[in-house]
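Biologist: I would like to learn how to read the features of a model. Please give the general idea each time, then the case at hand.

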Amino acid sequence: MTTDVKQIVNPMMTTDQELVELAGLHAYLEYAKDQVFEVNGKAYRVRDSYFNEDPTGLDAMTIQNMTSGEYHIVYMGTNVHGKYGTADIVTDVQLLTAPVPAQLEGAEHYFVKMEQKYGDITSVTGNSLGGALANMVGVRHEHVRSVTLNPALLPASAVQTDKEYENIVNYIGQYDILNLGVSSIGLSNQVPGSRHTIYNGIPSAAGISFNHTGYVREDGKHVSHVTVGTEGAPGYGVIKVDAHYHLVSSLWTGRPLYGGRSERINLNVETIRMLSDGIETSVLGQLDWAQQYVNHSMEIIMHESTVYETRLNQLREVYQESVENIVEDGLLRYIRFGNGMFKQVIQGLHMVVDVIEARCESLNFLLECPPVALLKFITKKAIDLDAVFAEIRSYLRRLEDQLDEFIAAIDDTVMTKIEEIFKAGQERFHDVVVGELASHFNYVTTNYSNMYDQVKEFGTQVDQVAVAFDTIDNSLASAISNQSGVGDGDNIQQTTAVEMVESPYLLNFMALKEQCLNIAMEQFKTGSSFVLLPIATSLKTTVNLIEWSGEQITSIIRTGTNIHLYGNPGNLILSTFTNYDENIKEKVNGILEPMDELNEMLRGVRTGLQKFLTHYPVVVDNLRPYIDSALFNDSGYYNIHIYNSAATSILKDMQRLFDDIVYQLSDHEAEAITVLHDVSSSVKTNMSILEEQIGRAATW
């Protein structure tokens, strides 16, 4: 059975989209009695304003559609800022219990009172707690239609779980945290009537509030969108989030396309033109928004590509600074440069050893030339330290060579291994996350453009079919009246074959970045540690050897200068010896002082190297957030997710719409309608493919 569109369309009557807007937006604006406001171009007058008057927390208003004459009751949801806001919170808690809370009973009393005053109420509506209030009325008064947005559940005692409640319709936002929670604990049966998902909102913690109410209000004013990004920055834009924007309705009847097939439309010139107009004004308009979201994503991706060198160099700087700061005393400061602190320390070690060696030579001269009076009472040879000093010099040269190797390894890590982080173990892209996203979106943008052109072409074909039908109809009428021949019809736009190209990229969805981060972290940590830690260990070993050689010098000097007299010297000899012994001790102390300095320097180097060995893996682990951001700017990456979530929502809506179009164009004998059916089926299929491809950038 087909239905003439004129019999079922009354554009003046209040639609579900408008009831949803009333519930999620206007209910919270607390209009005064007799105030007039507009919804979708229709004027509504507040006939009764009942805000902040009821101790149970009940807030509501009765409004009249000034054109159709319909009356509606709009219940407000939880209003913590109202006079009885605490009562609302109490009622929210009581909804989880069996008894019916006083505020729900009050909602019914208000409904009965308004019907007594104004006659039949066409519908009741509300959001959240307001939705529960509306549904309470719908449960008890089946003649009134209840349309809610993200309603709270009803107490178990108020609902018959085996009853369908055909007069109640609930629209649930895909990101509504309240109903997600209700479903997860198995209480969905306490939301009576049908439940339909609408694809509004954004998957963001910042969107929790407006995802639930369906609308953004700032300072009491409605804002139809949320802003993404920073003004002037790549990808800056807005996303339309109004709930009614995503409530899909028939292009012919205006009725929501949920819960089964819509009524069959009698296809004629008028209804075909309605389809053409709907494609032009509604479908292409929605697709324009989705394309904007995709384009903003491309802007972000292209920007990240252009600042690759900046991201690379910033990560290099962070790594280098992190390495330099492992040792607090600055041993590794400017390690990559020719006159870094470690180099200066080794130069200082050389200088101290020079001082020690010179003072040892001075001591030897004293030991080799004792006073003549003491010659027959002491026998003392010079201390032989040449071999030990040669050993220390050799170790210092080894330390320098190892340091050069260490510097070269750090430099290679900074210049090469840091860059390899961006490849994350693959060779297709030098900048893997950006490269894969860019490659994927090249497919997406091409496919989207082709699909958009296909929809536009379809709209043109529909319009031309309507014109042709009208022309043929007029020609037939003229032919019948004038008994003349029928002229040729107008040419119809030929169908362009459109085939979506499969993208081989982003198959792991937006988890791509996390996966690349894990791979890059593991490879960088393992690779750099494999090179740097053995060299640092060798440096530490050489320092230990120098320390050991220094201990040899100290030991030899202490034992070798322990001079004593033998025989039976007289007082003059003892006095001479005492002076000689004191001179030797002074020389020894002069050697031990720089030896202490040498040992202190060596201990500092050894401690610093041990800290490097111990803390380097931790330093690399601490680089994770910096590497994460370097692979792709965190906020930009998330904004791509947000934009593409919004784009897929629109494509889901359009597929629902085209599902109805395909249905309405099916099973017709007219060849032109059959062709339009086939094209619309192709459009819907291509939208589905695009939704999947764009959805990859919307899924973590």
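Modeller: The turns below cover the sheet, one of its strands, salt bridges and a surface patch.

Biologist: What kind of model is this, and which pLDDT limits apply?

Modeller: This is a predicted model, in which local features need pLDDT of at least 70 and side-chain atom pairs count only at pLDDT 80 or more, while totals for chains, interfaces and linings use all residues. Residues are numbered from 1 along each chain as its sequence is written, and side-chain values use heavy atoms, with hydrogens and water left out.

Biologist: In what order do the strands of the open sheet lie?

Modeller: Strands of a sheet pair through backbone hydrogen bonds, either parallel or antiparallel. Strands (E, at least two residues) and helices (H or I, at least four) are DSSP runs numbered from the N terminus, and two strands pair if DSSP finds at least two bridges between them. Here eight strands form an open sheet in the order 2-3-4-5-6-7-8-9, with mixed pairing. Strand 2 (36-39) and strand 9 (194-198) are the edge strands, each pairing on one side only. From one strand to the next the twist averages 25 degrees.

Biologist: Which helix packs on the sheet, and which strands does it touch?

Modeller: Helix 5 does, touching strand 5 (71-75), strand 6 (123-128), strand 7 and strand 8 (168-173). Contact means heavy atoms within 4.5 Å. The direction of helix 5 makes about 145 degrees with that of strand 6; axes are lines fitted to C-alpha atoms, for helices over the stretch in contact, and angles run from 0 to 180 degrees between N-to-C directions.

Biologist: How is strand 4 joined to strand 3 and strand 5?

Modeller: Strand 4 (residues 60-65) runs antiparallel to strand 3, with six bridges, and antiparallel to strand 5, with five bridges. Ser-49 has Met-61 as its bridge partner, Tyr-44 stands opposite Asn-65, and Gln-64 is partnered by Tyr-71 in strand 5. The hairpin of strand 4 and strand 5 has five residues between the strands, and Gly-69 there takes a positive phi near 85 degrees.

Biologist: Are the residues of strand 4 buried or exposed?

Modeller: Buried means under 20% relative accessible area, exposed over 50%, and partly exposed in between (1.4 Å probe, protein chains only). Six of the six residues of strand 4 are buried. Ala-60, Thr-62 and Gln-64 are on one side, and Met-61, Ile-63 and Asn-65 on the other.

Biologist: How many salt bridges does a search of the whole structure find?

Modeller: Side chains of opposite charge can pair when their charged atoms come close. The criterion is a side-chain nitrogen of Lys or Arg within 4 Å of a carboxyl oxygen of Asp or Glu, and the search finds 27 salt bridges. One of them joins Arg-145 and Asp-16 at 2.5 Å, N to O. Arg-145 lies in strand 7 (residues 145-151) and Asp-16 in helix 2 (residues 16-24), so this pair ties together parts 129 residues apart in sequence. Arg-145 is partly exposed at 32%, whereas Asp-16 is buried at 5%.

Biologist: Which residues are linked in a network of salt bridges?

Modeller: Glu-105, Glu-108 and Arg-140 are. In the salt bridge of Glu-108 with Arg-140, the closest N and O atoms are 2.6 Å apart.

Biologist: Which residues make the nonpolar surface patch?

Modeller: Val-80, Ile-89 and Val-93 make a patch of about 260 Å², with areas from the Shrake-Rupley method (1.4 Å probe; for residues, only the protein chains shown count as cover). Patches are made of residues with over 30% relative accessible area and no salt bridge, like charges being joined within 9 Å and nonpolar side chains (Val, Leu, Ile, Met, Phe, Trp, Tyr) within 5 Å. Val-93 lies in helix 3 (residues 85-94) and counts as exposed because its relative accessibility is 53%.
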